[in-house]
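Please read the following walk through one protein model with its sequence and structure in view. The text begins with the sheet and moves on to helices, loops and open spaces.

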Amino acid sequence: MNTRRAKFVLFGDSLTQRGFQEGGWCGRLAAVHERTADIVLRGYWGYNSRWAVELLPHVFPKESEAPDLVTILLGSNDAVLPDLGKAESKQHVPLEEYKQNLTTIINHIKSLKAARPCSILLMTPPPIDHDKWQQFRMENFVPPPPPTRNRDLEHTRKYAAAALQIGKETQTATLDLFAMLTEEHPQEWKGYLLDGLHFNPKGNGVVFEAVRDAVARHHPHLHHAALPTQFPEFADIDTDTEDYLQAFSTTTRSSL
């Protein structure tokens, strides 16, 4: 009988933290993994890769068993523009440090003890609609920020390319959210962003489908259709037989 559920840890910034809000990509992932995997949310609003490195001993203690899958989505805050003053550029991380931080995070996760190898899905930062984000800041932040925007689409593109580079160097499966949105949805991607930075429900749906497909492509043993159900399915429990409790001795996926 299968009594174990797989464990997925979703690690990142606010794009992950908000993932369990209505229509969020993390919640949708949890929904398709009912009875097969526990989805653990470890997203931290406003964090960059420098601060994420400091969380590693707490989120992924060395003595703990590695999860089955870790998603890493960082870089949107690292890509805040530099040289705008302490308050405006607080989250900025230089490109080379960003790459080193991603490498540190990946290597730390790979070093965790595990009965089975821990699979990783690295995700690039998605595109930023910098005009919409600046408008949102001007209308909602108190006190209002300076009129100069603190994020830029082309600057964020560099961080997406850097994440891809680190994925190749560390032989880590990588989902290029930036290219997926700008190239496959060139006319629609700005409409997937709630405030120019964070996904709205429609955008979350697109991201969920991309994550689901990336898991199926790179880690097919962790796709929801491939994982065993925890404990017998209801349809497999035949109470008309005297020994029906034997159904709990094996676990099979019902065809119903």
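In what order do the 5 strands of the open sheet lie? The order is E2-E1-E3-E4-E5, with parallel pairing. At the edges are strand E2 (37-43) and strand E5 (173-175), each of which pairs on one side only. On average, neighbouring strands of this sheet are turned by 20° against each other, direction ignored. Helices (H or I, at least four residues) and strands (E, at least two) are DSSP runs, numbered from the N terminus, and two strands pair if DSSP finds at least two bridges between them.

This is a predicted model, in which local features need pLDDT of at least 70, side-chain atom pairs count only at pLDDT 80 or more, and totals for chains, interfaces and linings use all residues. Residues are numbered from 1 along each chain as its sequence is written, and side-chain values use heavy atoms, with hydrogens and water left out.

Within the sheet, strand E1 (residues 6-12) pairs with strand E3 (residues 69-73) in the parallel sense, over 5 bridges. Phenylalanine 8 has leucine 69 in E3 as its bridge partner. In general, strands of a sheet pair through backbone hydrogen bonds, either parallel or antiparallel.

Next come two helices. Helix H3 (residues 49-59) packs with helix H4 (residues 95-110) at an angle of about 20°, and their axes are 9 Å apart. H3 is therefore roughly parallel to H4, a term for angles under 35 degrees, while those over 145 count as roughly antiparallel, 65 to 115 as roughly perpendicular and the rest as oblique. Axes here are lines fitted to C-alpha atoms, for helices over the stretch in contact, and angles run from 0 to 180 degrees between N-to-C directions. The crossing of H3 and H4 is left-handed, meaning that the near helix is turned anticlockwise from the far one by less than a right angle (clockwise would be right-handed).

Two loops hold backbone details. In the loop between E3 and H4 lies aspartate 83, whose phi is near 60°, a positive value in a residue other than glycine. Proline 143 is in the loop between helix H5 (130-140) and helix H6 (153-169). The peptide bond from valine 142 to proline 143 is cis, with omega near -5°.

The open spaces remain. On a 1 Å grid over the protein atoms alone, a cavity is a set of points where a 1.4 Å probe fits but cannot get out, a pocket is an open set with protein on both sides within 12 Å along at least five of seven lines, and lining residues have an atom within 4 Å of a point. Grid points are joined across faces, edges and corners, and a volume is the space filled by probe spheres set on the points.

The largest pocket has a volume of about 250 Å³. Its lining has 16 residues, with Gln91, Trp133, Phe141, Asn150 and Arg151 nearest the centre.

The second largest pocket holds about 200 Å³ of space. Of its 13 lining residues, Leu175, Asp176, Met180, Glu184 and Ala210 lie nearest the centre. Helix H7 (177-184) and helix H8 (201-218) each supply at least two residues of this lining, and H8 gives the most, with 6 residues.

The structure also holds 1 cavity of 30 Å³ or more. About 40 Å³ of space lies in the largest cavity, which is lined by Ser76, Pro126, Pro127, Ile128, Arg151, Thr156 and Leu197.
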